[in-house]
Structure formats: C-alpha cells, structure tokens
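Here is a short briefing to read alongside the structure. Take a look at the two ligand sites, then go through the points below.

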Amino acid sequence: MTQGTPWWKEAVVYQIYPRSFMDSNGDGIGDLNGITARLDHLQELGIDTVWLSPHFDSPNADNGYDIRDYRKVMAEFGTMDDFDRMLAAMNERGIRLVLDLVVNHSSDQHEWFVQSRSSRDNPYRDHYIWRDGRDGGPPNNYPAFFGGSAWEYDGATDQWYLHYFAKEQPDLNWENPTVRAEVYDLMKFWLDKGVAGFRMDVIAFISKQPGLPDLMGDERFRPQYVYARGPRVHEFLHEMHTEVLGPYDAVSIGEAFGVEVADIAKFTDVDREELSMIFQFDLVRLGHPHWRQQSFTWPEFKRIVADTDAVAGASGWNTSFLANHDNPRMVSQFGDDRPEWRERSAKALATWNLTQRATPFIYQGDEIGMTNYPFTSIEQYDDVEVRGLWRGLVETGKVSAEELLANLAQTSRDHSRTPVQWTADAHGGFTTGTPWLAVNPNHTSINAESQRDDPDSVFHHHRALIALRRSHRALVHGAYRDLDPEHPYVYAYTRTLDDETLLVLLHLGTETHEYTLPHGLRVGDTLIACGRVPEPGAATVTLEGWHSSIHVVSHG
Ligand code: TEU
Ligand code: CA
C-alpha cells in the first residue's frame, strides 16, 4: 500500500452472493462454510477484499435484502461460529470483509415492525412510515420497484406503510433519531468483530421527501431520482460518519441507485465526511434501464466513464463494475457470449474493469466468464422483481408474455444468481443436493476447475490483471484520458501517473481492424495482450476481434 493512501483505493473487491457461491452441506443453498472452503480460489485470484451480500437472519422475500434480525446469521447460511471462522480464515489470507448494510428498510418480520404495526401508540410506531389513506386509496402515487403501490394498507391500525421495494420490506423512518441510533449500534456490533466496513443498500433513499407529494409526469417511471433526493440524506450520512465510520476507520460503499453522475461528489468528497465511494448506475444500466433490453453505443459508454472519472476529481473516489447480483452477466450484457467470442470479450471487459481510476468490483463467476442462463419460461425464475413484472405487465395485458420473457432472457437479475460453476460435474460442483436455482448447463465447459489449469483462461487473465494493477500505480491512481471518444468500437485510453503512461487498447467488436493511434502515440512494451502483440514502436496496430492489451507508451 502507498503511504497516506487509504487501503480501499488500492483494493480489488470480489462480491459474494452467499446463496449461490458454494453449498457445504447438500441442502442446495450456498452457505458460510462453503465460502470458507473456497477461499483458496479467491486467494489465487488475488483479490484482497470481499463484499458479502446479506448473510443476516431473513425470511427471504428478497433473498436476504429483507432482514429480520441484524445481529443473527441466516440459519440456512450457518451459525455465528461459522461466521467468525470464515472471517478469521479470510483475515489469515489478508482478505478484508465488507458486509451488506440494508437499512433503508427491514423485513416486515423484524421485531421493530411487528411492534410498529400492532397499534398506533406502540413505542415502535415511528420506526416506520405510516400515513392515512387518500380517498380510500394509498397516501400518494409512489410505485414500488417490485410492482404495485409503494404503500400497503394494514387493517389492524387502519393506516398505510411505505415500502419502496416489496411489501415485506417496510421502509425505516430515518427522521426518528432512535432508528438512526439503532443502525449505528448494529454497525458497531459487526465492526467490533473485525469487519472492514459496509456496502450500503439503496442508501441514497433513506431521507424521504417532506410531505411525500405525488410524483409528477415522468417521475413515476423513474422514481429512484426522486427517492434519492431527500433533503436530509447528506446530513444523515455525515452523522453516520461521525458516529461510526470515522471512529472505526471503516470503508463505505454506497449503493446510489437514483444518484446522477453530477452528484457523485456530494457523497464521496472526503471533506464532506460521508462515504468512501458509491456505485453509480448509469454504466451498468446502459443496456437495460429497466427490464427492457435496449441497444447502446460504445461512445455513450465512454462518455459515462469519462464523466464519472471527471467528477471524482481530486478529493473523491469511484467504483468500477459491470455487473452485480441485480444485473445480468457482464459478458452477456456488454460482451459477446457466443462460444467463439465469449472468452475474448470477457477478457476485454475484465481489462476495462481493472484499469479504471476507481476501486474495481468483480462479481462472483465473472472471473471465469459465466454467462446468462438460457431461461425460456416464467417458472424457471425465482426473483421477486420478475414475479412483480409478470403480475404488473403480463397479467394486466400491458405486455405479452413473449415480449417480457424475451427481455428477461437478457436482463433478469436471476442470470447472476445461478450458482457458481466450480467443476464440470453435476450441478457444477456447487451442491451434492438440488440447487435452489438451476446451474447453467454450460458448466461442463465454463468452470473454475478447468480454468485453473489453463493459463489462457478468463480466470488467469483476471489474475494477471490484478497482479499488474498491484505493480503499476498508474493503473490505480493515474489520470484517465480517452484518446478516441467517438470511435464506434475501438476504445483506447491512457493512465498517467508521474512519468509513467500506460495505454489500454480494447476492440469491442468481432472484425479484425488496423488502428492507427491518435496524437502521434506509439506502443512501447506490451504488459499483457489478448490478441496480436504489436511491435514495440508501432503506430498502427492490428486489432483482432475483442482484442485487449496494455502497453507502455512511447511518444513518436
Ligand atoms: O438494489 C436496489 C437497486 O438499485 C436496483 O438494482 C433494484 O435491485 C431493482 O433492480 C430495481 O428495479 C438493492 C439490492 O442490491 C437488491 O438486491 C435489493 O432487491 C434491493 O436493493 C432492495 O433491498
Ligand atoms: Ca447449504
């Protein structure tokens, strides 16, 4: 680590979705002992930080993003002893652990909500957001992300409660200082165990709009941009920093769904003492702002990258990621997952992800180039979001079943949630039982075991890139310059720090192409290449389909 630089700027993070990572006891559900058993894989890959998606006690209306008890481990995933063992085993390998903090909402089975809904004068009533209805309907026109209204009527007290996501995920009332104190307390509980910090679920949504007025016009179709603009969000985050993050020197990665690129620095500027970095969604959602797949161009992609890099400025920091558990597989969405191009495009995307001026996040399975699942029917899906879309669009006759299914086959969250493909054996070696979600049949050709023995594999390419990032500070801290922003499929950029300039060359297409470097640049030595290696000193390079390479730059 470089002196004076926070460790997390130089970190490479790997996201684990525990339900789908590794099952150790044959019940078909991934678990903490499964993670502990597979740490060799992560160590070999070379990552140094794990973000663990929720492992807390939950009735699983949304796979753990609905927490019933913040201080308990989900029984299906194991025990607190298993957690402690997993954390110790990670730390022994120099791997830090970041937990998922889901405090915009809890489960409707959380003790707070059970109390809250029981009577209007219960001491926990104000832990959540209750309102009278309007003309026999909900208090306002807010939609929920998983379908229907964001309000649920509760007959026991004749009021409605707010839920931005499923009705089993009531939103907590952050205006209530007791709620905030409870959250800071539970954060300390896990920090005291030695975790490094938190990824924070939809954290920009915690402050609600005063008076909860109706959404107007287009806002109804993209409510996240209103939900993320509550007037007190920065005040609450600064308080959390003062109370917890600062004193513990904990890392924080805010999931900032609904936050625009121009507003990133309001969350991440160090002087503001809020968050270390955020996930901004413009890039990952470029091809699918919602459930519908849409086309995008590489110049649009590059523009988002440049704008995002520019706003971090001197005092903030960014994340880079092209997938997570809420999005389709990286190679299927941004690359070309046909067998002849799958590996090369996965490598090109990995090259992009690991050469940004940002902390890179690798989603489990992407390090071996896992693809979308060949879903064909609604029964094959598990996700609460898919079920909500089916009810809201198909059952109401707004969209045909064929149209929704054709789009979900490209955009559903379940593509990323199929189990990790460890071996070519039954169920990809994920479980000896029946997996909770089917393993992709292509595990016979895409699996970790075969790639570990293959130096040309997507896995080894990730390994090499991570090692390169560690040995070249310019790849972490260097200034970013896009050399050819309008080129439709060549992506050429430099990263410069002090007297070192590295050139990244990506060809985001299948045709072989001669490319002359702009601004009189010439390639120097090649540090890594997937495709033809140019002669040192060359000004024109041959870029085969989905070429990717990194070079030292010499000026012509
Ligand atoms: O996700 C919120 C979010 O930003 C969206 O991607 C959301 O998942 C959905 O796709 C909106 O259409 C977070 C979690 O990452 C996600 O798994 C949870 O379902 C959600 O919050 C609620 O906790
Ligand atoms: Ca299990």
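How far does a polar side-chain atom of Glu 255 lie from an oxygen atom of ligand 1? The separation is 3.0 Å, a polar contact being a pair of N or O atoms within 3.5 Å. This is a predicted model, where local features need pLDDT of at least 70 and side-chain atom pairs pLDDT 80 or more, while totals for chains, interfaces and linings use all residues. Residues are numbered from 1 along each chain, chains are lettered from A and ligands numbered from 1 in the order written, and side-chain values use heavy atoms, without hydrogens and water.

**Ligand 1**
- Arg 413 places a polar side-chain atom 2.6 Å from an oxygen atom of ligand 1, and for His 105 the distance is 2.9 Å.
- The protein buries 99% of the 490 Å² that ligand 1 exposes when taken alone (Shrake-Rupley method, 1.4 Å probe).
- Around ligand 1 there are 17 residues, of which Asp 62, Asp 201, Asp 326, Glu 385 and Arg 413 come nearest (a heavy atom within 4 Å counts as near).
- That shell divides into nine charged, five nonpolar and three polar residues (Asp, Glu, Lys and Arg count as charged, and Gly is among the polar ones).

**Calcium ion (ligand 2)**
- Its protein donors, lying 2.2 to 2.3 Å away, are Asp 23 (OD), Asn 25 (OD1), Asp 27 (OD), Ile 29 (O) and Asp 31 (OD) (donors are N, O and S atoms within 2.8 Å of the metal, or 3.2 Å for Na, K and Ca; water is not among the atoms, so sites may look incomplete).
- Along the chain, the donors follow the spacing D-x1-N-x1-D-x1-I-x1-D.
- Ile 29 counts as buried because its relative accessibility is 10%, and Asp 31 is buried at 4% (buried means under 20% relative accessible area, exposed over 50%, partly exposed in between, with a 1.4 Å probe and protein chains only).

Methods
Polar contact = N/O pair within 3.5 Å; in protein donor to acceptor, adjacent residues only side chain to side chain.
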